[in-house]
Amino acid sequence: MLSVYVDLALGLVVSFLLLSLLVSGLNEAVVRLLSIRSKFLWAYLRDTLDGSDAQGRSWLPAGVRDVFAALPFQRDPRPRHSGRPAPAETGELPAGAGESDDALVTLLYQRVREIDHPKRGRTSIADIPPGRFAVAVMELAAGAPGGVEGFLAKLKEIGSPLHGPLNGVWETAQRDLDRFRQGVETWFDGEMQRLTMLYRRYVRWVVTVLCVAVTLLFTVDGLEHAKTLLRDNAFRASVTAVAEAGPAAYDELKARCTGGDPVSCVTDTLSRPALARMLGQAPLAVSIPERGEPVFAWNGGVWWDRLTTPSHWPGFLLTYVALLFGAPFWWDVLRRLTGIRSRR
């Protein structure tokens, strides 16, 4: 009896793990398609270097709607891509406040575009190492009359928000260039950590929506699935067999499911008969025989009946809550369960 309940737990955990990986793959596909990471970085850089836009609005999104509506489609903060190498000499800073809305961002991009490649005509840089940013600042300061102090005076003159942090770092470094560079690097590293936390907070909303979509698209009733696992020995054995692949299984699944094309994960990983049966209630059902090509069949009527049947809603809710925990959580549970499971 204990073995039956351990198999039941394994079956549920494996199912939730693979569905969570599918959610992670879809999330990664959305983020890459819309270039959210790169736009987040350059929105922050525009706010930090040049300040708000011509209408006085912050480039960084103030809400979820801005992240997935304004930022991707209405206001692209990224500079236009340039295939030319960085110029030997840094460009000149603007002569006064309001002369250019993106002068400093343009000068910074010139110093870091060696690591760039184009994406629909814009830069694809989504991460600037703190050390590289500090060197770029030192290059801009070296090209300004008066060195670092002249550079800081020019930032203050044009009203750049960057003046405050850099001036504080300069005073703390007691006007020592090497300590100033290290201070800029440490400051920018802390800013990137803060930006990452903000980015993840917004992306959680995407994961939440995707969890709902996957649950309702496949109409995965967690309670019904658990009952099937208990009553059908062959079905339970075929599902729990997925857990026999060992510790390398998660790395393989993660690499396959969180890449740019999550379809291959669904096609290959979920092609086992038991798992295909679990996901067979989608509008477009797929049956994968041992030989031959997959067979697709329209299943809209059955899917809609399940979706509109109140008795399935508690099971949908269970699946949705389980997916919110994420794939790393379910992998850890699976690892612990397989560690106590007897193997013959």
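Predicted model: local features only at pLDDT ≥ 70, side-chain atom pairs only at ≥ 80, totals over all residues.
1. Helix α8, covering residues 177-218, packs against helix α15, covering residues 313-324, at an angle of about 140°, and their axes are 9 Å apart. That angle makes α8 oblique to α15, because only angles over 145 degrees count as roughly antiparallel. As for handedness, the crossing of α8 past α15 is right-handed.

2. Which residues of α8 and α15 make the contact? From α8 you'll find Thr208, Cys211, Val212, Val214, Thr215 and Leu216. On the α15 side, look for Phe316, Thr319, Tyr320, Leu323 and Leu324.

3. Now for the annotation. The UniProt record, an unreviewed entry, lists "transmembrane region" at residues 12-34, 202-220 and 313-334. How much helix does the model have over residues 12-34? The chain there is 100% helix and 0% strand, with the end C-alpha atoms 33 Å apart. Residues 202-220 come out at 89% helix, again with 0% strand, and their end C-alpha atoms are 26 Å apart.

4. Last, the surface. Of the chain's 344 residues, 46% count as buried. The chain exposes about 17900 Å², and carbon and sulfur atoms supply 58% of that area.

Technical notes. Residues numbered from 1 in each chain as written. Heavy atoms only, no water. UniProt positions renumbered as here; feature names shortened; annotations may be inferred. Helix = DSSP H or I, 4+ residues; strand = E, 2+ residues; numbered from the N terminus. Buried < 20%, exposed > 50% of the residue type's maximum accessible area, 1.4 Å probe, protein only. Areas by Shrake-Rupley, 256 points an atom, 1.4 Å probe, with all protein chains shown as cover. Axes fitted to C-alpha atoms, helices over the stretch in contact; angles between N-to-C directions. Parallel < 35°, antiparallel > 145°, perpendicular 65-115°, else oblique. Left-handed = near helix turned anticlockwise from the far one by under 90°. Contact = heavy atoms within 4.5 Å.
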